[in-house]
Amino acid sequence: MSHSSSLSQFLRVTKQYLPHLARLCLISTFLEDGIRMWFQWNEQRDYIEATWNCGYFLATCFVLLNLIGQLGGCVLILSRNFVQYACFGLFGIIALQTVAYSILWDLKFLMRNLALGGGLLLLLAESRSEGKSMFAGVPSMGESSPKQYMQLGGRVLLVLMFMTLLHFDSSFFSILQNMVGTALIILVAIGFKTKLAALTLVVWLLAINFYFNAFWTIPAYKPMHDFLKYDFFQTTSVIGGLLLVVALGPGGVSMDEKKKEW
């Protein structure tokens, strides 16, 4: 049985569940952050108040906005209501946090935030394609629709998201992990054998995530617990983005689509 036929078999079987699972993984970073705001309410408020000197009331408003914005946005996306508004709301939260936590000057965190934006772009493209299917009989604008560029943009930002997961040390396993992962993510970005590359990368990242980022094995009071937890959910978001690429396909701006034309 060839790779492509076993892949199409897998996609047929999982067609119903894959998009839901992809969305849940993709927004897991927002979910986790929203829940953290709830449990670390006082610490977050004090941090914002101290950093920005903005007073108790504004600091409280900031934490409340983050909490409601993130959890509310996640609920809307998962329940498929007002998905586009929810995505724009979460874009706003990313922008707000980038400024509030001075992330602009921290390249790794900035890339992570841009990458989360890439995941939201893919969700937007997906919700647009759902809208399109409601108007199946209406003639479309041809190849270069905004949806396809959103899918391309989402895929490119997924590369950014993936790059934040690379481990830059000289151990053999790290080098192997980086090489395999980078080769696969490049295939996803250019849209060549996209679904197979994305699915292989999902399996690869899942194994690495549970092995390296097992935050539950470290006591909650240790700083390492929070670091690993952050990395765990970040990786889960990347997995969600890749699963969405598997479910949606690469879109029109990709080598897979061009091959059909040739």
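Trainee: Which residues of H8 and H9 meet in this predicted model?

Mentor: From H8 come Leu 152, Arg 155, Leu 158, Val 159 and Phe 162. Their partners in H9 are Gly 181, Thr 182, Ile 185, Val 188, Ala 189 and Ile 190. By class, the residues of this contact are eight nonpolar, two polar and one charged.

Trainee: What makes them count as meeting?

Mentor: Contact here means heavy atoms within 4.5 Å.

Trainee: Why is H8 called roughly antiparallel to H9?

Mentor: Take the axes of H8 (residues 146-163) and H9 (residues 172-190). They cross at roughly 165 degrees. Angles over 145 count as roughly antiparallel. Therefore H8 is roughly antiparallel to H9.

Trainee: How far apart are the axes of H8 and H9, and what is the hand of the crossing?

Mentor: The axes come within 8 Å. The crossing is left-handed.

Trainee: Where is Arg 155, and why is it called buried?

Mentor: Arg 155 is in helix H8. Its relative accessibility is 1%. Buried means under 20%, so Arg 155 counts as buried.

Trainee: What is the C-alpha separation of Arg 155 and Ile 185?

Mentor: It is 9.0 Å, for two residues 30 apart along the chain.

Trainee: Which residues does UniProt list as "transmembrane region"?

Mentor: The unreviewed UniProt entry lists 56-78, 85-104, 172-192, 199-220 and 232-253.

Trainee: What does the model show over residues 172-192?

Mentor: That stretch is 90% helix and 0% strand. Its end C-alpha atoms are 28 Å apart.

Trainee: What does it show over residues 199-220?

Mentor: There the chain is 64% helix and 0% strand. The end C-alpha atoms are 32 Å apart.

Trainee: Why is Arg 80 called partly exposed?

Mentor: Its relative accessibility is 22%. Buried means under 20% and exposed means over 50%. The value lies in between, so Arg 80 counts as partly exposed.

Trainee: What about Phe 82: where is it, and what is its phi?

Mentor: Phe 82 is also in the loop between H5 and H6. Its phi is near 50 degrees, a positive value in a residue other than glycine.

Trainee: How do you know that Phe 82 is exposed?

Mentor: Its relative accessible area is 56%. Exposed means over 50%, so Phe 82 is exposed.

Definitions and conventions:
Residues numbered from 1 in each chain as written. Predicted model: local features only at pLDDT ≥ 70, side-chain atom pairs only at ≥ 80, totals over all residues. Heavy atoms only, no water. Axes fitted to C-alpha atoms, helices over the stretch in contact; angles between N-to-C directions. Helix = DSSP H or I, 4+ residues; strand = E, 2+ residues; numbered from the N terminus. Parallel < 35°, antiparallel > 145°, perpendicular 65-115°, else oblique. Left-handed = near helix turned anticlockwise from the far one by under 90°. Nonpolar A, V, L, I, M, F, W, Y, C, P; charged D, E, K, R; others polar. Buried < 20%, exposed > 50% of the residue type's maximum accessible area, 1.4 Å probe, protein only. UniProt positions renumbered as here; feature names shortened; annotations may be inferred.
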